[in-house]
Structures are given as structure tokens and as C-alpha cells.
Amino acid sequence: MDSELAVLAASGATTLVSLMVTDSWTHARELVGRYLTRTGTDPDTFDDLQDTRPRLLAADSTEREWTAREVGRRYGDRLR
């Protein structure tokens, strides 16, 4: 069961990172923020979500790929 949960969390994190660079981000950010608040996640997590999107958008193509992987890993851990 833990491996299935890890795969699900990784998939969710990848989707989250993908949404950060689209116009759907505003709505997704609110939904993720509410979820993280209900799960007792550190309050700074929502601020981190706010700060991450501009970093992704400002990165060049090579840097964006690395940043997206790093953010995906970080949020995969948080979602797990």
C-alpha cells in the first residue's frame, strides 16, 4: 500500500507543478492550499506555493526542468 501511496503522491505533485505554469493555477492553488490546511501542514507551505510559481515561470527551459523536478519531489513528500 505504501508504494501505491508514493506513486499517487508523486503523480499529484507532478500535476501540481504542471498547473503552476498554466492559467489554471489560481484555482488549483486555492484547492491545494485548503487541502494542505486541513492536513495540518506547516502554514508556510501556502506561501511557498505562491513563491514557487514565479520561479518556474522565470526559469529558462533547462533550469525550468530541474526546478520542476525539485518542486515535484518536495510537494510529493508533502502530499505523502
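This is a predicted model: local features need pLDDT of at least 70, side-chain atom pairs count only at pLDDT 80 or more; totals for chains, interfaces and linings use all residues.
Residues count as buried under 20% relative accessible area, as exposed over 50%, and as partly exposed in between.

Three salt bridges are present in the structure. One of them joins arginine 73 and glutamate 70, with the closest N and O atoms 2.4 Å apart. Arginine 73 has a relative accessible area of 44% and is therefore partly exposed. Glutamate 70, at 26% relative accessibility, is partly exposed as well. The two residues are three positions apart in helix 4, so about one helical turn separates arginine 73 from glutamate 70.

A salt bridge also forms between the side chains of arginine 69 and glutamate 65 (3.1 Å, N to O). Both residues belong to helix 4 and lie four residues apart, about one turn of the helix. Arginine 69 and glutamate 65 are both exposed.

Arginine 74 and aspartate 48 pair through their side chains in a further salt bridge (3.1 Å, N to O). This pair links distant parts of the chain: arginine 74 sits in helix 4 and aspartate 48 in helix 3, 26 residues apart. Both arginine 74 and aspartate 48 are buried.

The axes of helix 3 (residues 44–58) and helix 4 (residues 61–79) come within 10 Å and cross at roughly 165°. Helix 3 is therefore roughly antiparallel to helix 4. The crossing is left-handed. Helix 3 contributes Thr45, Asp48, Leu49, Thr52, Arg55, Leu56 and Leu57 to the contact. Helix 4 contributes Arg64, Thr67, Ala68, Val71, Arg74, Tyr75 and Arg78. The contact residues comprise six nonpolar, three polar and five charged.

Terms used: Residues are numbered from 1 along each chain as its sequence is written. Side-chain values use heavy atoms; hydrogens and water are left out. Axes are lines fitted to C-alpha atoms, for helices over the stretch in contact, and angles run from 0 to 180 degrees between N-to-C directions. Angles under 35 degrees count as roughly parallel, over 145 as roughly antiparallel, 65 to 115 as roughly perpendicular and the rest as oblique. A crossing is left-handed if the near helix is turned anticlockwise from the far one by less than a right angle, and right-handed if clockwise. Contact means heavy atoms within 4.5 Å. Ala, Val, Leu, Ile, Met, Phe, Trp, Tyr, Cys and Pro count as nonpolar, Asp, Glu, Lys and Arg as charged, and the others, Gly among them, as polar. A salt bridge is a side-chain nitrogen of Lys or Arg within 4 Å of a carboxyl oxygen of Asp or Glu. Buried means under 20% relative accessible area, exposed over 50%, partly exposed in between (1.4 Å probe, protein chains only).
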